[in-house]
Amino acid sequence: MSVLAAVVSALAAATLGDPALEARALALDQEIRCVQCQSEPIAQSTSDIAASMRAAVRERIAAGDSDDEVRAFFRDRYGDFVLFRPPFDPRTWALWAAPLALLAAGAGAVWTAQRRGRGSDLQPEQGER
Amino acid sequence: MITEIGAFAAALALALSVLQGALGIALPRSDANSAAMRVAALAGAMLVAIAFAALVVAFVRSDFSLAVVVGHSHTDKPLMYKIAGAWGNHEGSMLLWCLVSAVFAAALAWRRGAQDEGLWRRAVGVQGLVTAGALIYTLFLSNPFARLDPAPMQGSGLNPLLQDPALAAHPPMLYLGYVGLSVPFSLALAALIEGRADQNWAKALRPWTLAAWTCLTLGIGLGSYWAYYELGWGGWWFWDPVENASFMPWLAACALVHSAIVTERRGSFAGWTILLAIIGFGLALLGTFLVRSGVLTSVHAFAVDPRRGIAVLVLLALALGAGFGLYGWRARTLGRASGFAAVSRESMLLWNNYGLAVAAGIVLIGTLYPMLVEAFGGGLISVGPPFFNATVAPLLAALFLVLPFGPMLTWRVGDLAAAARALWPALAAAVVTLTATLIASHGRAAPALGLAIGVWLVAGGLVYLRVRLRRGEGGPLRKLALLPLAVWSMSAAHIGAGVLTIGAVGETGFRSERAAALTPGESIDFAGRRVTLLDIGAVEGPNYSATRADFRVERGGEIRTVSAERRFYPTAAAPTTEVGILSDLDGDLYLALGEPAERGSAAWIVRLYYNPLVQFIFYGVLLMALGGALSLTALLRRRSEP
């Protein structure tokens, strides 16, 4: 019986009983960084610390935390580094603005090229490819 | 002795590649100089080959007087991995880089084809300087022939994770791709030095670009496949900086493959094609820098030496400085654009380049951003999958939405309405997929949309094939046989992109996983299968010992067995996993063996993953590479015709 109890408790740490909660935990495992490993999420790492971080995710969810509260829990302990989702603050404004800026700059370049290419009396070219 | 020959050969090759550069760029143009340049290129390539062979021999013979052999080999290692060990380390892989560059220089020198002589000799000269730069870096900052005295009796072995066939082939493939991009770079610089780019120049550029893109596709695919079955958590892409380092040149090469078509066919976009060729090689060098410098904390950063990182940065600055400098000076003299309408093949290819270039830019910024923040004292942040999935994925989805229209439109002016009419079956297939997935997944819009886009690409490629078949003459078989190789290659690559999309979205959106403690004989129901742990025991491998678990998997009356291992290499600190994978058309059952559930208990933790459609990812990569290879064949065949 004691072996069975140990197994059950080991599993309790490894997975949550409710599939919906466990799905949230698995999604969070993907975006929380293992603090000891190199560029790995805790979902991937086989290290002991990742295992305890996974257990902590489940503990927080079981305690009723929302996803954001779980993220905040880890950020408070390990800093922004622990989250693969970059924070949104003055340091990262440029990061989040960059895709929009690139899209706009590229669109400008395409527009220029289109205008330059516009000729009069264009006939379709029939042929291969 | 053999090692000294290798080191000497490499030094001599450096002198010859500098000479090759001088003959192509600095010295006056004459038949004698061109002939000398050819001989220098060929002799240089042979010498680097000798140097590389000497290194391979040292690995095969476990010559522990060489520092790299000590660090990366072991007498117990199987022969194949002793050989692969020659490039499974920083120094050896740099020598491989030099070898590929020198061989490409020789190929460029000896296959002039219809190229203008002035442009050709400049290109061979620049390629000589690229080889010289790589050799200087290798010989002075990462010398594979460095000795160790006294020589130890045993090596410290290869990382067991890397002892794998896919990973033995992964670096050479990536390097063929990276260095392959140096040839378009050389051709681009040649065009800028001469101040012109003709259609034969674009014709010469295309096979190199295609070859580089195909090798990058295969190299990245191999790395991803390896990560999938070796790392033991069912993932295949993580937007890791090292993955991004290979993805950025791939995006640039993919854009270049397309823009070079326009430059060759219509003479347009010559300036942009040149700029892309420079950027592509710059990104390949940046990839090398990111991986080799140790600025990234990642398993790939096996060279943690700041001098090396700085040296690669200097080479990168030289290449980009020369490239952009010449571009700024000469870009205006390059050919004029020929006209095209907003709805035309040219315009579609322009949008293709827009999507791919912006994607490469986003990946670049996302990859470098954490270093920038840290450099400016902003502390440590991570930019990972949530950022890239929110930015690059929708951009690629938008690109894929318009992709099937591209091949359907004619050059100069296209007929959008006719293309849309022809594509309606593809649209219907996509809408059916979207609706069915939305219903089956209880309204999960993002993965449903992703799957629909994948189906749209596949069906769009098939529609294009059908349109081209109908245009032919004679019976159906004759039509099939007469279809140009270029049509097959384009369809294969585009359908491959669709198949890859279906796999990527299916796996990411619908994967499930579970952990369970199982004792032998115990079963668990998972993803429509009943998985039973049959037996667990110790096995001995050639240079490791392992715990092996055998499973029986029942699915709808069909019974199969599969095993998973946990391996302990005496040369490594941590155990590695060998997962058990059962592939079906709908997806993979993926079993990884963990640790004993409790000390002394018979139960073991088993992690079960169901990865739907995941094999489509790798089939898609293969189809794309097949498309590249077919297109390359078509181009080379065309080139050999008079």
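Helices (H or I, at least four residues) and strands (E, at least two) are DSSP runs, numbered from the N terminus. With that settled, I opened my notebook on chain B.

**Ground rules.** I am reading a predicted model, where local features need pLDDT of at least 70, side-chain atom pairs count only at pLDDT 80 or more, and totals for chains, interfaces and linings use all residues. Residues are numbered from 1 along each chain as its sequence is written, while chains are lettered from A and ligands numbered from 1 in the order in which they are written.

**Entry 1: the whole chain.** I looked up the secondary structure of chain B and found 21 helices and nine strands. The radius of gyration of chain B is 26 Å, close to the 26 Å from the globule rule for 642 residues, so chain B is as compact as a globular protein of that length. For my own reference, this radius is taken over C-alpha atoms, and the rule is 2.2 Å times the number of residues to the power 0.38. The C-alpha trace of chain B spans about 80 × 75 × 60 Å along its principal axes.

I then checked burial. A residue is buried if 20 or more other C-beta atoms lie within 10 Å of its own, exposed if 12 or fewer, and partly exposed in between, with C-beta atoms placed from the backbone. Buried residues are 57% of the 642 in chain B.

Contacts came next; two residues are in contact if their C-beta atoms, placed from the backbone, lie within 7 Å. Of the contacts in chain B with a separation of 6 or more, 75% are between residues 24 or more positions apart.

**Entry 2: the start of the chain.** I found Ile2(B) in helix 1 (residues 2-26) of chain B. Ile2(B) counts as partly exposed because it has 14 C-beta neighbours inside 10 Å. Setting aside neighbours within four places in sequence, Ile2(B) is in contact with Ala54(B), Val57(B) and Ala58(B). Ile2(B) and Val57(B) are 55 residues apart in sequence, and their C-alpha atoms are 8.1 Å apart in space.

**Entry 3: helix 6 and what follows.** I checked the length of helix 6 (residues 117-141) of chain B: at 1.5 Å a residue its 25 residues should span 36 Å, and its end C-alpha atoms are 36 Å apart, which agrees. The expected span is 1.5 Å times one less than the number of residues. In helix 6 of chain B, 20 of the 25 residues are buried, so this helix is largely enclosed by the rest of the structure.

In the loop between helix 6 and helix 7 (165-180) of chain B I came to Pro150(B). The peptide bond from Asp149(B) to Pro150(B) is cis, with omega near 5 degrees. I noted this because most residues other than glycine have a negative phi, and most peptide bonds are trans.

**Entry 4: two positive phi angles.** Which way does phi go at His442(B), positive or negative? It is positive, about 55 degrees, although His442(B) is not a glycine. His442(B) lies in the loop between helix 17 (424-440) and helix 18 (445-471) of chain B, and is exposed, with 6 other C-beta atoms within 10 Å.

Ala527(B) also has a positive phi, of about 50 degrees, and is not a glycine. Its place is the loop between strand 2 and strand 3 of chain B. Is Ala527(B) buried or exposed? Ala527(B) is buried, with 20 other C-beta atoms within 10 Å.

**Entry 5: strand pairs.** Two strands pair if DSSP finds at least two bridges between them. Strand 2 (residues 523-526) and strand 3 (residues 529-540) of chain B run antiparallel and are joined by four bridges. Ser523(B) stands opposite Thr532(B) of strand 3 of chain B.

Strand 7 (residues 580-584) of chain B runs antiparallel to strand 8 of chain B, with five bridges, and the two form a hairpin with two residues between them. Ile581(B) has Tyr590(B) in strand 8 of chain B as its bridge partner. Strand 8 of chain B also pairs with strand 9 (residues 604-612) of chain B in the antiparallel sense, over eight bridges. Eight of the 10 residues of strand 8 (residues 587-596) of chain B are buried, so this strand is largely enclosed by the rest of the structure.

**Entry 6: meeting chain A.** I finished at the interface, where 54 residues of chain B are in contact with 46 residues of chain A. Helix 13 of chain B gives the most to the side that touches chain A, with 12 residues.
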